[in-house]
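Me: I would like to go through this structure with you, starting with a term. Could you set that out before we turn to particular residues?

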Amino acid sequence: MKNIRKFLGLANYYRRFIKNFAQVARPMNVLMRKEEQQKAFDELKRIFITKPVLAALDLDKEFRIEADALNYTTGGVLSMKDSNKR
């Protein structure tokens with residue numbers, strides 16, 4: 001929410017140069033006002049850090065590494081194979 005507020009503050013400075021600014025920025029403003037969206041965001045964060053999405057490391061299982069790189073950043077994901085899934 002804080003980052004959205006900061007971005008909208010910056011964008012608002014240029015609103016007189018942007019045709020239909022209020023209409024274009026409306027979805028972001030809606031994000032700022034709706035409590036349900038914050039609750040959904042918090043619930044997704046909670047789900048991301050609990051099983052089966054995030055589980056303790058088991059070195060006896062198979063792993064998969066996925067990586068991606070751009071000119072200015074890199075990222076990666078280490079996934080552990082779930083024995084309950086095929």
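This is a predicted model: local features need pLDDT of at least 70, side-chain atom pairs count only at pLDDT 80 or more; totals for chains, interfaces and linings use all residues.

Me: Which side chain does Asp 42 meet in a salt bridge?

Reply: That of Lys 45, at 3.9 Å from N to O. Both residues lie in helix H3 (residues 35-48), 3 residues apart, about one turn of the helix. Lys 45 is partly exposed as well, at 41%.

Me: How many salt bridges are there in total?

Reply: The count comes to 3. Glu 43 forms one with Arg 46, their closest N and O atoms being 2.6 Å apart. These two are also separated by about one helical turn, being 3 residues apart in helix H3. In another, the side chains of Arg 64 and Glu 66 meet at 3.0 Å, N to O.

Me: Changing topic: what volume does the largest pocket have, and what lines it?

Reply: Its volume is about 400 Å³. The lining has 15 residues, and Pro 52, Val 53, Leu 54, Ala 55 and Met 80 lie nearest the centre. By type, the lining divides into 9 nonpolar, 1 polar and 5 charged residues. Strand S2 (residues 74-80) supplies the largest share, 3 residues.

Me: And which residues make the nonpolar surface patch?

Reply: Phe 7, Leu 10, Tyr 13, Tyr 14, Phe 17 and Ile 18 make a patch of about 680 Å². Of these, Phe 7 lies in helix H1 (residues 2-13) and is partly exposed at 43%.

Methods. Residues are numbered from 1 along each chain as its sequence is written. Side-chain values use heavy atoms; hydrogens and water are left out. Patches are made of residues with over 30% relative accessible area and no salt bridge: like charges are joined within 9 Å, nonpolar side chains (Val, Leu, Ile, Met, Phe, Trp, Tyr) within 5 Å. Accessible areas come from the Shrake-Rupley method with a 1.4 Å probe; for residues, only the protein chains shown count as cover. A salt bridge is a side-chain nitrogen of Lys or Arg within 4 Å of a carboxyl oxygen of Asp or Glu. Helices (H or I, at least four residues) and strands (E, at least two) are DSSP runs, numbered from the N terminus. Buried means under 20% relative accessible area, exposed over 50%, partly exposed in between (1.4 Å probe, protein chains only). On a 1 Å grid over the protein atoms alone, a cavity is a set of points where a 1.4 Å probe fits but cannot get out, and a pocket is an open set with protein on both sides within 12 Å along at least five of seven lines; lining residues have an atom within 4 Å of a point. Grid points are joined across faces, edges and corners, and a volume is the space filled by probe spheres set on the points. Ala, Val, Leu, Ile, Met, Phe, Trp, Tyr, Cys and Pro count as nonpolar, Asp, Glu, Lys and Arg as charged, and the others, Gly among them, as polar.
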